[in-house]
Amino acid sequence: MADDFSRYSLVIGRFQPLHLGHMDVIRKCAEESDHLTIGIGSAQYSHTVENPFTAGERYLMIEETLKDEGIKNYSIVPVEDLNRYSVWVSHVVSMCPPFNTVYSNNPFTKRLFTEAGFEIKASPLYNRSVYSGTEVRRRMESDGDWRSLVPPAVAEVIEKIDGVGRVKSLSGKDAEL
Ligand code: ATP
Ligand code: MG
């Protein structure tokens, strides 16, 4: 391990829910870093169509999956949104362990961290047409095969909390007529 935080990094997403595309990045980042912080963005939201799961549920999905994968050099930090982008990076910094490198493909996230002087690494998107939170939620709503898009531990947490029932009721599809 280096004697400073130069190989400490951050990856940030909403993880609604954690899917195999996220895991492709997380696995690579954890390997390339001494320590990886996984920031759970929009942490204050739950029970909405775009953000069905609470920060705690998302935390558990990530923790159980990384346990199965044998990844140990990480922290998970829920980060609430700030509707003031000019100070969002300092807000993230104030909540997280030290980091120097940010892994992101999101243009807005990249811009904000670049302006603040962080090194950005973009990792290629892994089969993005199916591995996206939006696609996982769409399949949950329509009784499609969402399980093949997420790690087994995520499917298990979603089953325990009746996540599919929640997503369906939020979408209004099971509303009583
Ligand atoms: P949603 O559709 O709900 O917005 P998402 O799949 O875009 O979900 P987010 O939780 O918004 O995922 O997290 C975005 C971060 O995850 C970005 O940095 C993005 O680069 C990374 N990411 C998302 N999907 C993939 C993928 N298929 N391969 C690699 N990285 C991904
Ligand atoms: Mg997204």
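Which residue has a backbone N or O atom 2.9 Å from a nitrogen atom of ligand 1? In this predicted model, that residue is Tyr131. The protein has 7 helices and 5 strands, and ligand 1 sits in its largest pocket.

**Contacts with ligand 1**

- The backbone of Tyr131 places an N or O atom 2.9 Å from a nitrogen atom of ligand 1.
- His22 brings a polar side-chain atom to 2.9 Å from an oxygen atom of ligand 1.
- Arg137 also uses a polar side-chain atom, which lies 2.8 Å from an oxygen atom of ligand 1.
- On its own, ligand 1 has 600 Å² of accessible area, and the protein covers 88% of this area.

**The shell around ligand 1**

- Ligand 1 is surrounded by 19 residues, and the closest are Arg14, Tyr126, Arg128, Thr134 and Arg137.
- By type, the shell consists of 7 nonpolar, 9 polar and 3 charged residues.
- At least two residues of the shell come from each of three elements: β1 (8-13), α1 (20-32) and α5 (133-141).

**Overall fold and dimensions**

- Taken along the principal axes, the C-alpha atoms fill a box of roughly 60 × 35 × 25 Å.

Conventions
Residues numbered from 1 in each chain as written. Chains lettered and ligands numbered in written order. Predicted model: local features only at pLDDT ≥ 70, side-chain atom pairs only at ≥ 80, totals over all residues. Heavy atoms only, no water. Near = heavy atom within 4 Å. Polar contact = N/O pair within 3.5 Å; in protein donor to acceptor, adjacent residues only side chain to side chain. Areas by Shrake-Rupley, 256 points an atom, 1.4 Å probe, with all protein chains shown as cover. 1 Å grid on protein atoms, 1.4 Å probe; cavity = no way out; pocket = protein on both sides within 12 Å on 5 of 7 lines; lining within 4 Å. Sits in = over half its atoms within 2 Å of the grid points. Helix = DSSP H or I, 4+ residues; strand = E, 2+ residues; numbered from the N terminus. Nonpolar A, V, L, I, M, F, W, Y, C, P; charged D, E, K, R; others polar.
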